[in-house]
Amino acid sequence: MLSRSLKQLAKRAAPLAQQTARTSIPQARSFFYKANVPTRKTMIHRTVPLLGRQQVRTMFIQTEPTPNEDSLKFIPGTPVLGSGSMEFLDTRESMKSPLAKQLFQIDGISGVFFGPDFVTISKESSSEWQLMKPDIYAAIMDHFSSGQPILYDENDLAQSDTTIHPDDPEEVQMIKELLDTRIRPAIQEDGGDIEYCGFEGGIVKLKLKGSCRGCDSSVVTLKNGIENMLMHYIPEVQGVEQVIDENEAVALQEFDKLEKKLNEKQE
């Protein structure tokens, strides 16, 4: 059931191969002459299931080059921050925003900047805009179509199991970051989720939820997927342990008793 999750984790643990040649991005000649800046408007269509039917949503997203060829300005045609600005330079900082977090899951992105009505995205010099743009357009449209806030509420952040606190040790911060940005999205694709329950003696304690709870391949998911990735990136991690709550433990015990009785009758 969770084979797709393992494939996703394996893909995201390794860099994507570059498949096409570098394309040139037209640059603005001056900061001050807006008329000299070429603007491209891209119309994005997304098909979304709604009450058993398919609904097509359309959004016009303009792009403008900047004096930095590794940065592009995306204008979604709807307010972003409304006023002020905010910058995210890594995945850890991006956890404050659902859109920034989604954008940082795209390989090659090195920075995200929110303005009143635009999003400026910076990439690594070795990455190609041609490969990245489709995923960027999709992330921006999906966010503004979902109705999510551009920034998480402080109360929501405080209640999240993977919120990074100032007093968290460095290895715990790295564990939470990997769980939230790499592992959780893959698990959620198969209808499940994970909850971080602690880190003691080199063991990461996690609770499986949704389709992962009670799934036959949950042990494989923990060991071959989550454990391998955490141990690869964080030397302090020695293993992963599944946490089972009291009600679930009782249910498992009753199931074991029933299974034994059935086996005895068959014998």
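Visitor: Which residues of β3 lie on one side and which on the other, and are they buried or exposed?

Guide: Start with the term: buried means under 20% relative accessible area, exposed over 50%, and partly exposed in between, with a 1.4 Å probe and protein chains only. In this predicted model, Ser71, Lys73 and Ile75 are on one side of β3, Leu72 and Phe74 are on the other, and all are buried. Strands are DSSP runs of E, at least two residues, and helices are runs of H or I, at least four, both numbered from the N terminus.

Visitor: What should I keep in mind about the numbers?

Guide: Residues are numbered from 1 along each chain as its sequence is written, and side-chain values use heavy atoms, leaving out hydrogens and water. As the model is predicted, local features need pLDDT of at least 70 and side-chain atom pairs count only at pLDDT 80 or more, while totals for chains, interfaces and linings use all residues.

Visitor: How many bridges join β3 to β6?

Guide: Two strands pair if DSSP finds at least two bridges between them. Here four bridges join β3 and β6, and the strands run antiparallel. Lysine 73 has threonine 120 of β6 as its bridge partner.

Visitor: How do I read a nonpolar core?

Guide: In soluble globular proteins, nonpolar side chains tend to be buried together. A nonpolar core is a set of buried Ala, Val, Leu, Ile, Met, Phe, Trp, Tyr and Cys residues joined through side-chain atoms within 4.5 Å. The largest one here has 24 residues, and Leu103, Ile109, Val112, Phe114 and Ile136 have the most contacts inside it. Elements that each supply at least two of its residues include β3 (71-75), β5 (109-114) and α4 (129-146). The most comes from α4, with seven residues.

Visitor: Which residues does isoleucine 136 touch?

Guide: Contact means heavy atoms within 4.5 Å. Leaving aside residues up to four places away in sequence, isoleucine 136 touches Phe74, Leu103, Ile106, Ile109, Ile121 and Trp129. Another core, of 19 residues, lies apart from the largest one and has Ile175, Leu179, Val204 and Leu206 among its members.

Visitor: Where does α6 bend?

Guide: A bend is the angle between axes fitted to the seven residues ending at a position and the seven starting there. For α6 the angle is about 40 degrees, at leucine 179. Of the 19 residues of α6, 14 are buried, so this helix is largely enclosed by the rest of the structure.
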